[in-house]
Amino acid sequence: MKKYTKEKQENMKITEYKHIVKMQVESMKEIDFYYQNIRKKNHDFLNHCITTTRIFNDQKEEVKDYIQSIIKYYQ
């Protein structure tokens, strides 16, 4: 009976560990999703900065319109 009880306890521990690992994997997936989303937004923002810089360097009138469109997008 002691052997059965000990095995049952070990199985319960293993089941708990599996559950913990599963939760960790799910959390890592969520973190990765948010990380990828942040990277994408940073990339987009960098492209906006580059475009704005080029427009300023070209001294075109579209600067105001472009910046206003960015502001509207992020609002």
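Modeller: In what follows, buried means under 20% relative accessible area, exposed over 50%, and partly exposed in between (1.4 Å probe, protein chains only). This is a predicted model, in which local features need pLDDT of at least 70 and side-chain atom pairs need pLDDT 80 or more, while totals for chains, interfaces and linings use all residues. Residues are numbered from 1 along each chain as its sequence is written, and side-chain values use heavy atoms, with hydrogens and water left out.

Colleague: Is I70 buried or exposed?

Modeller: I70 is found in helix α2, helices being DSSP runs (H or I, at least four residues) numbered from the N terminus. Its relative accessibility is 15%, and therefore I70 counts as buried.

Colleague: Which residues is I70 in contact with, leaving aside its neighbours within four places in sequence?

Modeller: Contact here means heavy atoms within 4.5 Å. T15, 55 residues from I70 along the chain, has its C-alpha atom 51 Å from that of I70. With the neighbours within four places in sequence set aside, the residues in contact with I70 are H48 and T52.

Colleague: How are helices α1 and α2 oriented, roughly parallel or roughly antiparallel?

Modeller: Helix α1 covers residues 2-58 and helix α2 residues 62-74, and their axes come within 9 Å and cross at roughly 165°. The axes are lines fitted to C-alpha atoms over the stretch in contact, with angles from 0 to 180 degrees between N-to-C directions. Because of that crossing angle (over 145 degrees is the cut-off), α1 and α2 are roughly antiparallel.

Colleague: Which residues of α2 make the contact with α1?

Modeller: On the side of α1, the contact is made by D44, F45, N47, H48, T51, T52, I55 and F56. The α2 side is made up of E62, V63, Y66, I67, I70 and Y74.

Colleague: How far apart in space are K22 and I71?

Modeller: K22 is found in helix α1, and at 57% relative accessibility K22 counts as exposed. K22 and I71 are 49 residues apart in sequence, and their C-alpha to C-alpha distance is 41 Å.

Colleague: What is the angle between the planes of the aromatic pair F33 and Y34?

Modeller: A search of the whole structure finds one aromatic pair (ring centres of Phe, Tyr or Trp, its six-membered ring, within 6.5 Å). F33 and Y34 form this pair, 5.6 Å centre to centre, and both residues are exposed. The pair is edge-to-face (planes over 60 degrees apart), with an angle between the planes of 70°.

Note on methods:
Phe/Tyr/Trp six-rings, centres within 6.5 Å; stacked < 30°, edge-to-face > 60°. Helix = DSSP H or I, 4+ residues; strand = E, 2+ residues; numbered from the N terminus. Parallel < 35°, antiparallel > 145°, perpendicular 65-115°, else oblique.
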